[in-house]
Amino acid sequence: MSCSRRHFIAGMGAVIFMTGPVNRTLAQTMSINGIRYGMVYDETRCIGCTACMDACREVNKVPEGVSRLNIIRSGPTGEFPEAKYQFYRHSCQHCDNPPCVDVCPTGASYKDAATGIVDVNPDRCVGCQYCIAACPYRVRFIHPVRKTADKCNFCRDTNLAQGKLPACVESCPTKALTFGNLDDPNSEIVKLIENRTTYRAKVHLGTEPKMYRIPSKHGEIKG
């Protein structure tokens with residue numbers, strides 16, 4: 001970290017609590033132009049192959065040692081030959097009320113008005129890590145090359161920009177991931193949420209995550 005960056009971060013420590021309420025108001029009143037992207041992760045279909053993790057790393061050029069997406073395995077429950085494992089996707093929840101945006105002192109963390117995707121502008125990030133501390137889902141990290149905050153952005157600047165689905169969705173061999181517009185009542189994702197039992201992680205915090213989960217039949221619901 002450069003000397004100037006250190007001084008900036010130290011100074012922002014006193015300012016952050018003043019800027020928080022202003023940013024919160026902006027986030028809640030931001031216009032979303034008819035598109036609000038979200039995802040459904042079907043725990044009953046996930047087999048823990050981690051093809052999604054590999055595809056994410058390749059498409060988004062994520063360095064070794066960090067990851068935008070992890071599949072966490074727990075279990076087994078039951079005994080052989082009926083033993084079952086449970087898998088849990090650990091990645092950005094793309095909250096409608098993202099705490100990471102509220103605390104960012106430079107505006108580097110933001111919610112894209114056109115898509116509802118929570119993203120990071122590396123050109124504005126000073127690496128202060130306030131967003132990492134504020135995220136209740138612990139999905140952000142410092143990019144080891146750029147030295148700025150990084151996380152899943154639904155492949156907004158890679159696959160989505162090319163008219164494709166996020167890399168994790170494209171690569172999943174069991175179709176455990178469904179991506180789409182939560183504001184379109186005719187979209188596959190909305191119909192899936194309407195017709196299946198789903199849950200979201202830590203909704204009691206008021207973050208309004210846009211990552212929905214179809215719970216596994218095995219083990220307890222986490223989050």
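Me: How many charged residues are in the lining of the largest pocket?
Reply: In this predicted model, the largest pocket holds about 270 Å³ of space. Of the 15 residues that line the largest pocket, Lys-175, Ala-176, Leu-177, Thr-178 and Glu-188 are the closest to its centre. By class, the lining has eight nonpolar residues and one polar residue, and the number of charged residues is six.

Me: Which element gives the largest share of the lining of the largest pocket?
Reply: Two or more lining residues of the largest pocket come from each of strand S1 (37–42), helix H5 (167–171), strand S8 (177–181) and helix H6 (188–195). The largest share is three residues, and the element that gives them is S8.

Me: What is the volume of the largest cavity?
Reply: Five cavities of 30 Å³ or more turn up in a search of the whole structure. The largest cavity has 17 lining residues, with Cys-46, Cys-49, Cys-52, Cys-172 and Ala-176 nearest its centre. By class, that lining has 12 nonpolar, three polar and two charged residues. The volume of the largest cavity is about 130 Å³.

Me: Which residues do ring pairs link into a cluster?
Reply: The whole structure contains two aromatic pairs. Tyr-37 and Phe-179 are stacked, at 4.8 Å centre to centre with 25° between the planes. Phe-154 and Phe-179 are edge-to-face, at 5.1 Å centre to centre with 75° between the planes. The residues that the ring pairs link into a cluster are Tyr-37, Phe-154 and Phe-179.

Me: How many residues apart are Tyr-37 and Phe-179?
Reply: Tyr-37 and Phe-179 form a stacked aromatic pair. The pair links distant parts of the chain, with Tyr-37 in strand S1 and Phe-179 in strand S8, and their separation in residues is 142.

Me: Is Phe-179 buried or exposed?
Reply: The relative accessible area of Phe-179 is 12%. Buried means under 20%, so Phe-179 counts as buried.

Me: What is the phi of Phe-154?
Reply: Phe-154 is placed in the loop between S7 and H5. With a relative accessible area of 2%, Phe-154 is buried. Most residues other than glycine have a negative phi. Phe-154 is not a glycine, yet its phi is positive, at about 55°.

Me: Which residue does a cis peptide bond join to Phe-80?
Reply: Most peptide bonds are trans. The bond from Gly-75 to Pro-76 is cis, with omega near 5°, and Pro-76 lies in strand S2. Phe-80 is also joined by a cis peptide bond, with omega about 5°.

Me: With which side chain does the side chain of Ser-91 make a polar contact?
Reply: Ser-91 is placed in the loop between strand S3 (84–90) and helix H3 (99–103), and at 1% relative accessibility Ser-91 counts as buried. Not counting residues up to four places away in sequence, Ser-91 touches Arg-68, Leu-69, Val-139 and Met-211. The polar contact of the Ser-91 side chain, at 2.8 Å, is with the side chain of Arg-89.

Me: With which side chain does the side chain of Ser-109 make a polar contact?
Reply: Ser-109 lies in strand S4 (residues 109–111) and is buried, with a relative accessible area of 5%. Beyond four places in sequence, the residues touched by Ser-109 include Cys-100, Val-101, Cys-104 and Asp-119. The side-chain polar contact of Ser-109, at 2.9 Å, is with Arg-140.

Me: What distance separates the C-alpha atoms of Gly-65 and His-143?
Reply: Gly-65 is in the loop between helix H2 (51–60) and strand S2 (70–77). Gly-65 is exposed, with a relative accessible area of 78%. Gly-65 and His-143 are 78 residues apart along the chain, and the separation of their C-alpha atoms is 9.6 Å.

Me: What percentage of the residues in the chain is buried?
Reply: The chain has six helices and nine strands. Of its 223 residues, the buried share is 47%.

Note on methods
Residues are numbered from 1 along each chain as its sequence is written. This is a predicted model: local features need pLDDT of at least 70, side-chain atom pairs count only at pLDDT 80 or more; totals for chains, interfaces and linings use all residues. Side-chain values use heavy atoms; hydrogens and water are left out. On a 1 Å grid over the protein atoms alone, a cavity is a set of points where a 1.4 Å probe fits but cannot get out, and a pocket is an open set with protein on both sides within 12 Å along at least five of seven lines; lining residues have an atom within 4 Å of a point. Grid points are joined across faces, edges and corners, and a volume is the space filled by probe spheres set on the points. Ala, Val, Leu, Ile, Met, Phe, Trp, Tyr, Cys and Pro count as nonpolar, Asp, Glu, Lys and Arg as charged, and the others, Gly among them, as polar. Helices (H or I, at least four residues) and strands (E, at least two) are DSSP runs, numbered from the N terminus. Buried means under 20% relative accessible area, exposed over 50%, partly exposed in between (1.4 Å probe, protein chains only). A polar contact is a pair of N or O atoms within 3.5 Å; within protein, one must be able to donate a hydrogen and the other to accept it, and residues adjacent in sequence count only if both atoms are side-chain atoms. Contact means heavy atoms within 4.5 Å. Rings of Phe, Tyr and Trp (its six-membered ring) pair if their centres lie within 6.5 Å; planes under 30 degrees apart count as stacked, over 60 as edge-to-face and the rest as tilted.
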